[in-house]
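User: Could you walk me through this structure? I'd like to start with the ligand and then move on to the rest.

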Amino acid sequence: MNFFNVYPLMDIELVKGEGCWVYDSHGQKYLDLYGGHAVISVGHTHPHYVQKIKDQLDRIGFYSNSVINRVQEELADKLGKLSGYDDYQLFLCNSGAEATENALKIASFENGKSKFIAFHRGFHGRTSRAVAVTDSAKYRAPADQVHEVEFFELGDLEGVEASLKKGDICAVIIEGIQGLGGIYLPSQDFLQGLASLTRQYGAFLILDEIQSGYGRSGKFFAHQHFAGIKPDLVTMAKGMGNGFPIGGVLIRPGIEGWFGMSGTTFGGNHLACAAGIAVLDIMQQENLLDHVSEVGHYFTQQLKKVGPFREVRGKGLMIGIEFDYPIAELRKSLLKKHHIFTGVASNPNVLRLLPPLTLSAKEVDLFVNCLQETLGELKRPGVSAQHE
Ligand SMILES: Cc1ncc(COP(=O)(O)O)c(C=O)c1O
């Protein structure tokens with residue numbers, strides 16, 4: 001049977017992973033600065049993570065959401081404490097798109113409206129409503145065109161307010177840090193403005209932390225770098241399971257669930273929750289939030305020695321290096337010659353770095369030296385590095 005041909009493949013078969021490293025079928029080792037689309041949070045095959053999943057599998061791997069599940073309860077407890085959202089409610093699902101879909105739907109059930117505001121360069125997933133709030137017409141099939149969505153530039157608070165004033169907006173959805181678009185950060189004023197305007201006009205604020213959450217920015221969620229922002233809904237996935245499919249929505253107090261409002265067969269199963277608990281245990285035991293801040297800062301300091309680049313954007317270990325030219329050749333050379341995985345963005349001039357959160361300073365040095373060497377070989381300059 002052939003696969004449905006939707007993924008361009010690199011000619012590499014990965015058979016093993018350990019920490020920030022992956023190994024191919026020929027035994028070649030690669031430094032993983034991309035984590036398979038920002039998924040690897042606590043490192044490949046972390047012993048505690050592996051053991052937790054094995055132990056859970058020995059007991060029970062799955063039962064549906066129709067029985068008491070203490071593993072879910074432990075996950076919710078630990079997540080509440082570590083994220084600072086202890087007073088919120090948790091809905092568990094299986095992926096980022098599903099988290100987006102549920103957040104939009106819960107908002108719509110709650111205020112009875114159906115129109116959404118989203119932002120240029122934003123990405124929220126590929127299911128119908130999620131892709132409708134994603135700024136890429138290419139991903140939308142004719143059947144996805146039924147949703148009403150208005151797009152604004154990131155930072156256009158006036159535009160958003162003018163639209164909210166009409167009174168028909170259900171929710172505003174925004175990434176904590178835009179990922180696929182090329183690592184763009186909303187400003188503090190903008191996010192705080194959205195929080196207060198949505199409250200004023202009876203719309204919901206949804207923070208998509210699917211890529212920027214779970215410690216990637218050095219805070220549990222990227223929006224927590226700014227004071228006073230408590231979204232109505234927060235979506236999570238990717239780093240939440242370190243590769244085990246699990247996603248979730250945090251729902252503010254006061255939004256009441258009812259039987260049938262949402263649901264999923266696999267969401268919140270025992271095995272996925274065990275993976276999710278292991279991730280939180282490791283984040284806490286290894287103090288990963290502080291580590292990410294420190295190593296992220298070190299990373300950008302070191303990049304300054306190689307630059308200048310047009311811009312270095314991001315926070316923690318969510319880094320975009322923007323060049324004056326497309327990075328395709330550079331990225332290929334980093335992979336083929338130096339065996340380093342890096343990522344692309346929809347902005348073709350941006351190299352996107354989303355390493356495991358356990359990345360060490362030594363691994364940063366290794367990358368920075370290889371980048372310098374590669375830029376020299378390609379006779380390409382970078383252009384002034386700045387990073388928050
Ligand atoms: C910000 C953001 N939202 C949603 C998604 C969709 O997640 P998934 O691919 O798990 O459906 C992604 C995936 O890249 C993402 O980066």
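User: Which helix gives the largest share of the shell around the ligand?

Analyst: Helix H4, residues 96-111, gives the largest share of that shell, with 3 residues; helices here are DSSP runs of H or I with at least four residues, strands are runs of E with at least two, and both are numbered from the N terminus. Please keep in mind that this is a predicted model, in which local features need pLDDT of at least 70 and side-chain atom pairs count only at pLDDT 80 or more, while totals for chains, interfaces and linings use all residues. Residues are numbered from 1 along each chain as its sequence is written.

User: And how many residues surround the ligand?

Analyst: There are 15, the closest being Gly96, Ala97, Gly125, Ile210 and Gln211, where a residue is near if its C-beta atom, placed from the backbone, lies within 6 Å of the molecule. By class the shell has 5 nonpolar, 8 polar and 2 charged residues; Ala, Val, Leu, Ile, Met, Phe, Trp, Tyr, Cys and Pro count as nonpolar, Asp, Glu, Lys and Arg as charged, and the others, Gly among them, as polar.

User: Switching topic, in what order do the 7 strands of the open sheet come?

Analyst: The order is S4-S10-S9-S8-S7-S5-S6, with mixed pairing, and two strands pair if DSSP finds at least two bridges between them. Strand S4 (89-93) and strand S6 (148-152) stand at the edges with a single partner strand each, so one side of each has no neighbour in the sheet.

User: How do S5 and S6 run, parallel or antiparallel?

Analyst: Strand S5, residues 115-119, runs parallel to S6 and is joined to it by 5 bridges; Phe119, for instance, has Phe152 in S6 as its bridge partner.

User: Last one: how is the protein divided into domains?

Analyst: Domain 1 covers 14-45 + 287-377 and domain 2 covers 47-285, with bounds that come from an automatic or database domain assignment. Their centres, taken over C-alpha atoms, are separated by 26 Å, and 25 residues of domain 1 are in contact with 29 residues of domain 2, contact being C-beta atoms, placed from the backbone, within 7 Å. Helix H9 supplies 5 residues, the largest share of the side of domain 1 that touches domain 2.

Conventions
Two residues are in contact if their C-beta atoms, placed from the backbone, lie within 7 Å.
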